[in-house]
Amino acid sequence: MSAKRDYYEVLGLSKDATAAEIKKAYRKMALKYHPDKNEDDSEAEEKFKEAAEAYEVLSNAEKKSRYDQFGHAGMGGAGGFGGGMNMDDIFSQFGDIFGGAFGGGGSFGGSRGGSRRVRGTNLRVKMKLTLQEIAEGVNKKIKVNKLVNADGVTFKTCSNCNGSGRVTRVSQTFLGAMQTQSSCPTCHGAGKMIDKKPAGADANGLERKEEVIEIDIPAGVMDGMQLSVTGKGNAGPFDGVAGDLIVVVEEAPDENLRRDGDNLHYDAYVSFIDAVLGSSIEIPTISGKAKIKIEAGTQSGKVLRLKGKGITALQSYGKGDLFVHINVWTPKKVSKSEKEALEKLRESENFQPNPDKQDKGFFERMKDMF
């Protein structure tokens, strides 16, 4: 399977393109690869869908912002029409962009008059993830209460627009008769209306049901990031296009590890004796535990770096690091015998502070880390 192309590359745009430029570029690509101009051309059809997918993201300010920041990974694996939308869905959402070309933009494979499939509303849910789930990526199943097309609903041609989805009005002005077209107020442009519906369905033929939705969360997502799952929102009225499910990531605090981008930090406490004589200690990591060596003479504030033990970067194959901050633990109370032993050491020259160039201060240690 070939890698998904950059959306800006698909439309031949730079990242600072305006909304008007994005729309113009999409219209140009869509008209070039339109199925009416390229009958039985599967390659042109794929390019038509690819352009529509790129426009679906870049024309939406919220999705564009996520894409600019996180790329395809930020779209949750279903940023555009990759989630199973067909040609009919493309025309229903973006048919108006073609203007009068090819007879408008209704349903693919038939007469494209002016009717369209009405889009349902988006749903937004919060998903709390552990640091381990964020580091490794995870597949989640969640229950969502959403509007779906009720079983047994049937439709008929809209009597107001005769199925065209649009109504024409003629008004007299000082320049003569002026004709205008607008979306049909009865069917909202769908070209059809409810014929029969079961008890419990609303005026649009929808009812509320609980659905279990499976979501792939990529490794490296961040707190507050939004992932879009296409077509898993509320169903559209009159058998329309479903909206999207927006998943807002919430990062649960970890008991031991602190996150800083793709890096992790851990505060390790060692005894004065271990710091002087050296030792080995066990520390927690994302995948379990690791043993690290404390060199003899280790100073409080020393930072050890465990390369590649952090979080997988969202848009690359790299991983962050785990930084272990060594803190020498000073007892708050000592016994009489312990105090006597320490008093004997107080006067020893070897126990007097005598930092050299290798014993860096706080700011120099931070500079080395980053």
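**Close-up views of the predicted model**

**View 1. Pairing of strands β14 and β15.** Val-303 stands opposite His-325, a residue of β15. The model shown in this and the following views is predicted. Strand β15 covers residues 322-329, and its pairing with β14 is antiparallel, with four bridges between the two.

**View 2. The open sheet that contains β14 and β15.** Four strands make up this open sheet, in the order β10-β11-β15-β14, and their pairing is mixed. At its edges lie β10 (258-260) and β14 (303-306), each of which pairs on one side only. From one strand to the next, the twist averages 30°.

View 3. Helices α7 (272-277) and α8 (336-346) each provide at least two of the patch residues. The largest share, four residues, belongs to α7. Val-276 is part of helix α7; its relative accessibility is 35%, so Val-276 counts as partly exposed.

**View 4. The salt bridge between Arg-5 and Glu-50.** The side chains of these two residues, Arg-5 and Glu-50, meet at 3.0 Å, N to O. Arg-5 belongs to the segment before α1 (7-11) and Glu-50 to helix α3 (residues 42-58), so the pair ties together parts that lie 45 residues apart in sequence. Both partners are partly exposed: Arg-5 has a relative accessibility of 31%, and Glu-50 has a relative accessible area of 23%.

**View 5. The salt bridge between Asp-244 and Lys-63.** The closest N and O atoms of Asp-244 and Lys-63 are 2.5 Å apart. This pair links distant parts of the chain, 181 residues apart: Asp-244 is in the loop between β8 (226-229) and β9 (245-251), whereas Lys-63 is in helix α4 (residues 61-70). Asp-244 is buried, with a relative accessible area of 0%, and Lys-63 is buried at 4%. Asp-244 and Lys-63 also belong to a network of salt bridges together with Glu-56 and Arg-119.

**View 6. The salt bridge between Glu-207 and Lys-209.** The side chains of Glu-207 and Lys-209 meet at 3.6 Å, N to O. Glu-207 has a relative accessible area of 18% and is buried, whereas Lys-209, at 37%, is partly exposed.

**View 7. The protein chain as context for the close-ups.** The secondary structure of the protein chain consists of nine helices and 15 strands. The protein chain has 370 residues, of which 39% count as buried. Its accessible surface is about 21,600 Å², and 49% of that area belongs to carbon and sulfur atoms.

Key. Residues are numbered from 1 along each chain as its sequence is written. This is a predicted model: local features need pLDDT of at least 70, side-chain atom pairs count only at pLDDT 80 or more; totals for chains, interfaces and linings use all residues. Side-chain values use heavy atoms; hydrogens and water are left out. Two strands pair if DSSP finds at least two bridges between them. Axes are lines fitted to C-alpha atoms, for helices over the stretch in contact, and angles run from 0 to 180 degrees between N-to-C directions. Buried means under 20% relative accessible area, exposed over 50%, partly exposed in between (1.4 Å probe, protein chains only). Accessible areas come from the Shrake-Rupley method with a 1.4 Å probe; for residues, only the protein chains shown count as cover. A salt bridge is a side-chain nitrogen of Lys or Arg within 4 Å of a carboxyl oxygen of Asp or Glu.
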